[in-house]
Amino acid sequence: MSAGVHSPGNPAGGARRRGRARLDLRRLGRVALLGGASSRDGLPHALEHVAKAHRGFYPDADIPTLRTAYLLAEDAHRGQTRKSGDPYITHPLAVTLILAELGAETTTLTASLLHDTVEDTEVTLDQVRAGFGEEVAYLVDGVTKLEKVDYGAAAEPETFRKMLVATGSDVRVMSIKLADRLHNMRTLGVMRREKQVRIARVTHDVLIPLAERLGVQAIKTELEDLVFAVLHPEDYARSRELLLANAGRPDPLEETAAEMREVLHAAGITAEVAIRPRHVVSVHRVLKKRGELRGTDFGRLLVLVPEAADCYAVLGELHTCFKPVPAEFKDFIAVPKFNLYQSLHTAVADQRGYVVETLVRSRQMHRVAEAGVVALASPLARPAAGQVGDWLKRLLEWQRATPDPDAFWSALREDLAPDQEITVFCDPGGPLVLPAGASCVDAAYARHGETAHTLVGARVNGRLAGLGTRLRDGDTLTLLLAPEASGPAPEWLDHAQTPAARIAITRWLADHPAARIADAALPLPADYAPAAAVATALPGSPADDVTADVTAGAPAVLPAEGVPRAAEPAVAELPDAALRLARCCTPVPPDAVTGFVVRGGAVAVHRAQCASVARMAAAGRRELRVHWRTGEGAPPADLRVTLKAEAFVRAHLLADLTEAIAAEGVAIVAADVEPPRQQRVRHTYTLLLPDPAGLPGLMRAMRRVPGVYDVSRAQHPPGADRQAPGVRARTR
């Protein structure tokens, strides 16, 4: 985990934000090599700064354990140097100091001092465990790289997989990794340009999003600047020059900050108002958004108060004494971000007309906003119970389903790629954070995991919506699940945007090939000749294909799902062939029907007028004679049929149509409402008929609904489900 010494730095006040200048770790490394001289309290001089930062958060910290870990690391790494020529001990010291300044507890700091010993020295994991305990050994093992000699090109993705698995049990593993990468990025300059770019890209694609999701903003923002300097040196130089030029001018934010202090003091509110300078990437983003920068664009005001309730008191005073910008207000206290972030965001115009972005938070909120999970007193507890833990759990679920390292690496980068996210409010379940562009299918798998296979519909903001509906920030979402649902359809893959959803759907479809049976030609036996078949529906079939059997004298047949069927007489020369009523035309008695052999040896039964029949016949497919069973073996209830209602646009049309259908005792399986055109609208309903003979009466009842001028049997062209616009839902 070595790198060289170089850093583009943060000219806008990075040192001010952290409260102290960077240490001369090269000098401390030389101190270590000269014998590890000790201070008055027995600490090696090289460890004094770590101990001082650590005591600032934990006055009673176990410093002797840190001393023991440092001495072991210094002895193990003695004689090793980094590519810059510095003693190697400077690297674990720097990583530990980063974490100490963020408020990490003693166990994390102990592991960070030792994090490279097992990987790069003769120290074994058993020695670490014997000397420092199981927790420290787990953290050290979690960040230890896998050997390229064993894994080859897969070493990097498999190392990240190993770290993610370890992070699922203890989030401190990723905290150490982030601090390790930050120091390596600070010292990247001695590397070849190609290696700098490769490391910067992985940092951009994986480590920065992970820092964001774990809420470690202090590391994330510096990593963004360091990566920006490597990948976009010209844009970095331009933004940095703007910052340097502005640093020599009077800061207009100072006057506004003074006004805010007076207002809050007069209101009796104890608050600290500080200027929070923007970092380089933040300036670049503002520049791209606005085209030019104003004096107040180089920073924001930060108001810190003792308690959470004081935040709203501050907000009231600011909005009373200054002119607020309504579109800029966000309340992340009432609705925290998924990464534990809490704050009030607002923008106000001062007496001079300057618009100033302002953050209001308590001191505890500020600590968590800067250090995320590192700042928590118990790093194992809260993430496991909050949205950070939920996200990690989902990530681990789909990574286990992706054994191929290349596929895992691509899926991980894709999952972390979106730089914009939305929050939807699930009922029940609470807020759910998703990448921008996510659909109802993505939300279902994010909330319910593989239970989402039973998704049959969704309501967005109270209205029925198609499963492919793209969600927007602030939407309310109700996911409709049915335990008897047959599982995801292949077209769900067109709706899924997140790797978690796509991997789960793909795996289910692979495990249930019968669900993917399509009208695809299969070679028939050489001695086969067309024969008659009888279409007999399976009683109680749920939302997918109604299935039937063609048997050859067997008393009963077990279908692929293992559900026993009623006995059926021998009627065809295709023993054990299953009949499936096609969903494209949903035939019911007394429709004229025909059949074609499809994948798996089943026979798909279509209405004779179905467009698929002409298509398959033109393709040279063999056609089977099929007729409905009559008399004692007649088809039972609950056959599926699809009806199309043409109507003039009016209010409550959907409610009136569904009421008319329900009055006929018919269950609605799916509904599709297309966008109105020329004051006309088309509704398509897939229904379960209790009695096929009732179909004409049902159609007459639908025609009697005011505004409906035609009701007919629907014909779905291939792929219509994924192409047709409008509102679609499957219900039970």
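Trainee: How many bridges join strand 7 to strand 11, and do the two run parallel or antiparallel?
Mentor: 2 bridges join strand 7 (residues 421-426) to strand 11 (residues 476-481). The two run parallel. Strands here are DSSP E runs of at least two residues, numbered from the N terminus.

Trainee: What kind of model is this?
Mentor: It is a predicted model, where local features need pLDDT of at least 70 and side-chain atom pairs count only at pLDDT 80 or more, while totals for chains, interfaces and linings use all residues. Residues are numbered from 1 along each chain as its sequence is written, and side-chain values use heavy atoms, with hydrogens and water left out.

Trainee: Back to strand 11. Which residue there is the bridge partner of Phe425?
Mentor: Thr476.

Trainee: And what joins strand 7 to strand 8?
Mentor: 6 bridges, with the strands antiparallel. Thr423 has Val433 in strand 8 as its bridge partner. The hairpin of these strands has 3 residues between them. There, Gly429 takes a positive phi near 125°.

Trainee: What is the strand order in the sheet?
Mentor: The order is 8-7-11-9-10, in an open sheet of 5 strands with mixed pairing. Strands pair if DSSP finds at least two bridges between them.

Trainee: Which strands stand at the edges?
Mentor: Strand 8 (430-435) and strand 10 (463-465). Each has a single partner strand, so one side of each lacks a neighbour in the sheet. On average, neighbouring strands of this sheet are turned by 40° against each other, direction ignored. Axes are lines fitted to C-alpha atoms.

Trainee: Which side chains of strand 7 are buried?
Mentor: Ile422, Val424 and Cys426, and they point to one face. Buried means under 20% relative accessible area, exposed over 50%, partly exposed in between, with a 1.4 Å probe and protein chains only.

Trainee: Switching topic. How many disulfides?
Mentor: The whole structure has 0 (cysteine sulfur pairs within 2.5 Å).

Trainee: How many aromatic pairs?
Mentor: The structure holds 3. One of them is Phe228 with Tyr236: centres 6.2 Å apart, planes at 70°, so edge-to-face. Both residues are buried. The cut-offs are centres within 6.5 Å for rings of Phe, Tyr and Trp (its six-membered ring), with planes under 30 degrees apart stacked, over 60 edge-to-face and the rest tilted.

Trainee: What about Phe648 and Tyr709?
Mentor: Their ring centres are 5.0 Å apart and the planes at 45°, so that pair is tilted. Phe648 lies in strand 18 (residues 639-648) and Tyr709 in strand 21 (residues 708-713), so the pair ties together parts 61 residues apart in sequence. Phe648 is partly exposed at 42%, and Tyr709 is partly exposed at 37%.

Trainee: What else is in strand 18?
Mentor: Glu646 is in strand 18. Glu646 is buried, at 12% relative accessible area.

Trainee: Which residues does Glu646 touch?
Mentor: Val681, Arg682, Gly707, Val708, Tyr709 and Asp710, leaving out residues up to four places away in sequence. Contact means heavy atoms within 4.5 Å.

Trainee: Last one. Which rings does Lys337 lie over?
Mentor: Lys337 lies over the face of Phe332, 5.3 Å from the ring centre. The charged end of Lys337 also sits over the ring of Tyr341, 5.5 Å from its centre. The test is NZ of Lys or CZ of Arg within 6 Å of the ring centre and within 35 degrees of the ring normal.

How values were computed. Helices (H or I, at least four residues) and strands (E, at least two) are DSSP runs, numbered from the N terminus. Axes are lines fitted to C-alpha atoms, for helices over the stretch in contact, and angles run from 0 to 180 degrees between N-to-C directions.
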